[in-house]
Amino acid sequence: MTAARRTRGAPARATLDKAADENFPVAPFFLPRAWRDDLMAVYGFARLVDDIGDGDLAPGGEDARLLGVAPEKAADPLALLDAFETDLLRVFGPAAETPRHPLLSALRPTVRRHALTPEPFLGLVAANRQDQLVRRYATWDDLRDYCRLSADPVGRLVLALTGTASPERVRRSDAVCTALQVVEHLQDVAEDLARDRIYLPAEDLDRFRVGEDDLAAPTANASVRALIAFEADRAARLLDEGTALVGSVHGRLRLLLAGFVGGGRAALAAIAAAGHDVLPGPPKAARTDVLRETAAVLRRARRKG
């Protein structure tokens with residue numbers, strides 16, 4: 001029985017099932033079973049901490065109860081994140097300290113099997129804590145610093161799980177993960193604004209003469225479209241920088257990483273096809289488009305290999 005199946009009681013099922021909605025394949029069928037289990041264990045952690053930070057937990061307060069958060073604080077993201085971090089540290093503690101949340105219990109075998117350290121996990125918690133406190137980013141460098149907490153640890157964990165980490169691969173992985181995070185921000189401009197968050201650098205808003213009222217409109221005006229196109233180009237260049245990662249590995253891992261890059265490229269193509277108007281809702285790539293972009297990444301990797 002896989003780790004995903006073992007944790008498929010409520011509320012873990014609702015969290016794990018969100019893997020199907022991501023821009024990239026989380027644990028595709030062609031990977032070895034052990035890899036799929038480990039990737040889903042890490043995904044369950046990452047998705048849950050993001051859902052806490054975004055206020056997207058399953059209704060009913062079961063996650064809060066599992067984490068030991070008092071009912072009166074069950075809707076307080078900071079209180080939930082503090083309790084979640086405490087439970088996370090049980091994953092790395094003595095065997096007698098059993099994590100309270102089933103998704104963290106499922107993570108413990110993966111952590112021990114690969115001797116993972118707490119740092120990348122704590123980075124993701126810190127990113128979601130930052131989301132509660134920082135709602136605007138002045139510069140591109142500020143946003144990149146946020147992505148180093150919110151996105152880059154995921155790619156580093158994938159390399160650690162597959163035993164393929166090296167300084168150069170980590171650098172390329174960081175570029176891909178930051179790109180994927182920026183793409184997600186572009187897709188979710190309207191949704192983020194509804195949470196009083198803007199992940200478009202203020203310096204770029206000023207450059208394109210875009211105000212917050214423009215981002216709140218039902219559809220994007222010419223200035224907003226130009227801004228989104230500018231940020232999409234940045235994400236595309238980061239994907240280009242990271243694509244060499246695909247050619248540096250072999251076998252099924254190459255196919256997985258190509259899926260990450262291909263998913264990002266397909267999402268950018270969907271944004272472009274929408275005329276860079278992301279305000280009515282997130283432009284999403286069809287599965288066939290993801291497969292086509294993934295195949296193109298693989299062909300490029302073979303040529304350069």
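Here are legends for a handful of close-up views of this predicted model.

**View 1. Leu107 and what surrounds it.** Setting aside neighbours within four places in sequence, Leu107 has contacts with Ala41, Val42 and Phe45, and also with Leu88, Val91 and Phe121.

**View 2. Tyr137 and Tyr199, a stacked pair.** Searching the whole structure turns up eight aromatic pairs. In the one shown here, the ring centres of Tyr137 and Tyr199 sit 5.9 Å apart with their planes at 20°, so the pair counts as stacked. Tyr137 comes from the loop between helix 7 (119-133) and helix 8 (140-150), while Tyr199 belongs to the loop between helix 11 (189-194) and helix 12 (202-207), so the pair ties together parts 62 residues apart in sequence.

**View 3. Helix 8 crossing helix 10.** The axes of helix 8 and helix 10 (residues 167-187) come within 9 Å, and they cross at roughly 110°. Angles of 65 to 115 degrees count as roughly perpendicular, and helix 8 and helix 10 are therefore roughly perpendicular to each other. On the helix 8 side, look for Trp140, Leu143, Arg144, Tyr146, Cys147 and Ser150; they meet Thr178, Gln181, Val182 and His185 of helix 10. Sort the residues of this contact by type and you get five nonpolar, four polar and one charged.

**View 4. Leu31, tucked into a loop.** Leu31 sits in the loop between helix 2 (12-16) and helix 3. With a relative accessible area of 2%, Leu31 is buried. Which residues does Leu31 touch, not counting those up to four places away in sequence? They are Arg36, Leu39, Arg252 and Leu256. For a sense of scale, Thr219 is 188 residues from Leu31 in sequence and 41 Å from Leu31 in space, C-alpha to C-alpha.

Key
Residues are numbered from 1 along each chain as its sequence is written. This is a predicted model: local features need pLDDT of at least 70, side-chain atom pairs count only at pLDDT 80 or more; totals for chains, interfaces and linings use all residues. Side-chain values use heavy atoms; hydrogens and water are left out. Contact means heavy atoms within 4.5 Å. Rings of Phe, Tyr and Trp (its six-membered ring) pair if their centres lie within 6.5 Å; planes under 30 degrees apart count as stacked, over 60 as edge-to-face and the rest as tilted. Helices (H or I, at least four residues) and strands (E, at least two) are DSSP runs, numbered from the N terminus. Axes are lines fitted to C-alpha atoms, for helices over the stretch in contact, and angles run from 0 to 180 degrees between N-to-C directions. Angles under 35 degrees count as roughly parallel, over 145 as roughly antiparallel, 65 to 115 as roughly perpendicular and the rest as oblique. Ala, Val, Leu, Ile, Met, Phe, Trp, Tyr, Cys and Pro count as nonpolar, Asp, Glu, Lys and Arg as charged, and the others, Gly among them, as polar. Buried means under 20% relative accessible area, exposed over 50%, partly exposed in between (1.4 Å probe, protein chains only).
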